[in-house]
Amino acid sequence: LDKVFGTYREKGVEKNGYQLNRSMMACADLARIINSDQVQSKLREVRTFSRLHDKNHKNPLKNRALMQRLNPYSKVQREQAVKADAQRKKDRAAALKSKRSKTGRQERATRAKRFAGLQEDLEQSFK
């Protein structure tokens, strides 16, 4: 095998100058090296402090108190949106009530009559 692979000091003959890799560490006991006083004296201390605001991020769109802190006008906007929604519902109910009343049905009948007349005139113009 020494002729094929060589040794740590000589190159191999059959593998065209191949030489075995020399190990870089004389002592491979990593745990003992890492825990030695020489290495531990050069290491920095373990960081135990973590920033408080990084770990409890809250969504301002769901958390109203946080949104109020970020945008003080948000409370007024929310109240205006609720009022606008209530007014929109009220207006829609009134519009439906007027459409379903007797006058609303009469207006629909006149529109249908006018549309039917227009449709009839259109068909006659193509004859």
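In which helix does K99 lie? In this predicted model, K99 lies in helix 6, an element that spans residues 74-100. With a relative accessibility of 58%, K99 counts as exposed, because a residue is called exposed when its relative accessible area is over 50%. The largest share, however, comes from helix 7, which provides five residues of the patch.

Helix 6 also holds a group of charged side chains that are paired with one another. The structure holds two salt bridges, and D85 takes part in a salt bridge with R88, in which the closest N and O atoms are 3.2 Å apart. Both D85 and R88 belong to helix 6, where they are three residues apart, or about one turn of the helix. A salt bridge is also formed between the side chains of D85 and K89, with an N to O distance of 4.0 Å. Because K89 and D85 are four residues apart in helix 6, about one helical turn separates them. Through salt bridges that share partners, D85, R88 and K89 are joined into one network.

When neighbours within four places in sequence are left aside, S74 is in contact with M67 and Q68.

Attention now turns to the loop between helix 1 (2-5) and helix 2 (30-34), where K11 has its place. At 55% relative accessibility, K11 counts as exposed. Apart from neighbours within four places in sequence, K11 is in contact with G6, G17, Y18 and Q19.

Y18, one of these contacts of K11, is likewise found in the loop between helix 1 and helix 2. The relative accessible area of Y18 is 35%, so that Y18 is described as partly exposed. Although Y18 and G6 are twelve residues apart in sequence, their C-alpha atoms are 6.4 Å apart in space. If residues up to four places away in sequence are not counted, Y18 touches F5, G6, K11 and G12.

Y18 also contributes to a nonpolar patch on the surface, which is formed together with L1, F5, Y8 and L20 and has about 520 Å² of accessible area in total. Of these residues, L20 has its place in the loop between helix 1 and helix 2.

The backbone angle phi of N16 is near 55°, which is a positive value in a residue other than glycine. N16 counts as exposed, its relative accessibility being 73%.

Another loop, between helix 4 (52-55) and helix 5 (64-70), contains K58. At 43% relative accessibility, K58 counts as partly exposed. With residues up to four places away in sequence not counted, K58 touches N63 and L66.

Notes. Residues are numbered from 1 along each chain as its sequence is written. This is a predicted model: local features need pLDDT of at least 70, side-chain atom pairs count only at pLDDT 80 or more; totals for chains, interfaces and linings use all residues. Side-chain values use heavy atoms; hydrogens and water are left out. Helices (H or I, at least four residues) and strands (E, at least two) are DSSP runs, numbered from the N terminus. Buried means under 20% relative accessible area, exposed over 50%, partly exposed in between (1.4 Å probe, protein chains only). Contact means heavy atoms within 4.5 Å. Patches are made of residues with over 30% relative accessible area and no salt bridge: like charges are joined within 9 Å, nonpolar side chains (Val, Leu, Ile, Met, Phe, Trp, Tyr) within 5 Å. Accessible areas come from the Shrake-Rupley method with a 1.4 Å probe; for residues, only the protein chains shown count as cover.
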